[in-house]
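I opened my notebook to record, entry by entry, what I looked up in this structure. I wanted to begin with the backbone and then turn to the packing of side chains.

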Amino acid sequence: MNKLIIAFVMFFSLASCQKTYELGPQDDFSVETEKTSYKVGEPVRFIVKGKPDNIVFWSGEVGRKYEFRKRTAVEGNSVFLNFNTFAQFGLMPIDQSVIKVYVSTDFNGKYEAASVRSATWEDITDKAVLSSGQDQTPSGDIDLSSFAARNKSMAIAMVYKTTVIKPEAQQNRWVVRTFNLRSVNQQGEQTILATMATAGWVAFNFSGPATNWSITSAQLLTVRNDTELDDDWVVTKQFNPNSTLPDIGEPIKNISQKLTEYTKVYSRAGVYKVTFVATNANLERSTTVVKELELNITQ
């Protein structure tokens, strides 16, 4: 009798566990709209049927496209660099010749003096506007697309190099206030490749060992040297000019919520492929259903 009771309990325990890991059906999941064409600024009401545990919404806007959820690179990007500078102290007029901006697409990525020296560095300084004494002087957008077209990783160097020893009172101190490197793909979508804080600066001193660039997350600062010549570099980490961030969806429902409708307002005209991804999941399994709609948004 005891054996029968134990077997009975084990059977129902097993059945209970199996039931726990069963997933609810999603055959009834659907999404509809009242029409297929809306105006900019007009609320789009999505009617949601079924009871999935989780729903992620992909609006079809830039950065929210389901088909680009795994995309990390795209060829044909344009790349733009801009930064702000400030030349302060010292005599006027400002000696802008001491500041150089270089780009390399053959740097081997080893952040050691010999590797930096052996790389080919192309001078793009003449493409930038430098401070003539005004703070926050914008360089303007420097088009680096010709480098991006090589489809190689690039590194950028800011160089402070003097050719005449001057008393400190005659020298200008240079500050790079901002640094922004971005790529733009053929659809006009932008990806930030680097900022001042994320550029991964590494300093190298090739002359004038007593002074070097001062690096913080907010700025780059030259240190004046009145006893010897300087050749000081700061080099960024390498960037893939064709890299892009994967698109992401917006979670609009989890297992604790009930959702029968969802509203979205579009701010730009266009044709949008809208995607709803419904997922049921437990410790053992998961099932996913994808529903797509096409919307025409007009002015």
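Entry 1, the loop between strand 5 and strand 6. I looked up Phe89 and found its place in the loop between strand 5 and strand 6, keeping in mind that this is a predicted model. Phi of Phe89 is near 65°, which is a positive value in a residue other than glycine. I noted this angle because most residues other than glycine have a negative phi.

A cis peptide bond, with omega about 0°, joins Met92 and Pro93. I marked the bond for a second look because most peptide bonds are trans.

Asn151 is not a glycine, and yet its phi is positive, at about 60°. I located Asn151 in the loop between helix 3 and strand 10, and I wrote down that Asn151 is partly exposed, with a relative accessible area of 43%.

Where does Ser59 lie? I found Ser59 in the loop between strand 4, which covers 54-58, and strand 5. Its relative accessibility is 3%, so Ser59 counts as buried, the limit for that word being under 20%. The side chain of Ser59 is joined to the side chain of Glu61 by a polar contact of 2.8 Å. When I left aside neighbours within four places in sequence, I found Ser59 in contact with Arg64, Lys264, Tyr266, Tyr272, Lys273 and Val274.

Which residues of the largest nonpolar core touch the most other members? This core has 33 residues, and the ones I wrote down in reply are Leu81, Phe83, Leu144, Met158, Phe179 and Leu181. At least two residues of this core come from each of strand 5 (78-88), strand 6 (99-104), helix 3 (145-148), strand 10 (155-161), strand 11 (173-184) and strand 12 (190-195).

Finally, I recorded a second, separate core of 19 residues, which includes Tyr38, Phe46, Tyr272 and Phe276. Tyr272 was already in my notes as a contact of Ser59.

Key
Residues are numbered from 1 along each chain as its sequence is written. This is a predicted model: local features need pLDDT of at least 70, side-chain atom pairs count only at pLDDT 80 or more; totals for chains, interfaces and linings use all residues. Side-chain values use heavy atoms; hydrogens and water are left out. A nonpolar core is a set of buried Ala, Val, Leu, Ile, Met, Phe, Trp, Tyr and Cys residues joined through side-chain atoms within 4.5 Å. Buried means under 20% relative accessible area, exposed over 50%, partly exposed in between (1.4 Å probe, protein chains only). Helices (H or I, at least four residues) and strands (E, at least two) are DSSP runs, numbered from the N terminus. A polar contact is a pair of N or O atoms within 3.5 Å; within protein, one must be able to donate a hydrogen and the other to accept it, and residues adjacent in sequence count only if both atoms are side-chain atoms. Contact means heavy atoms within 4.5 Å.
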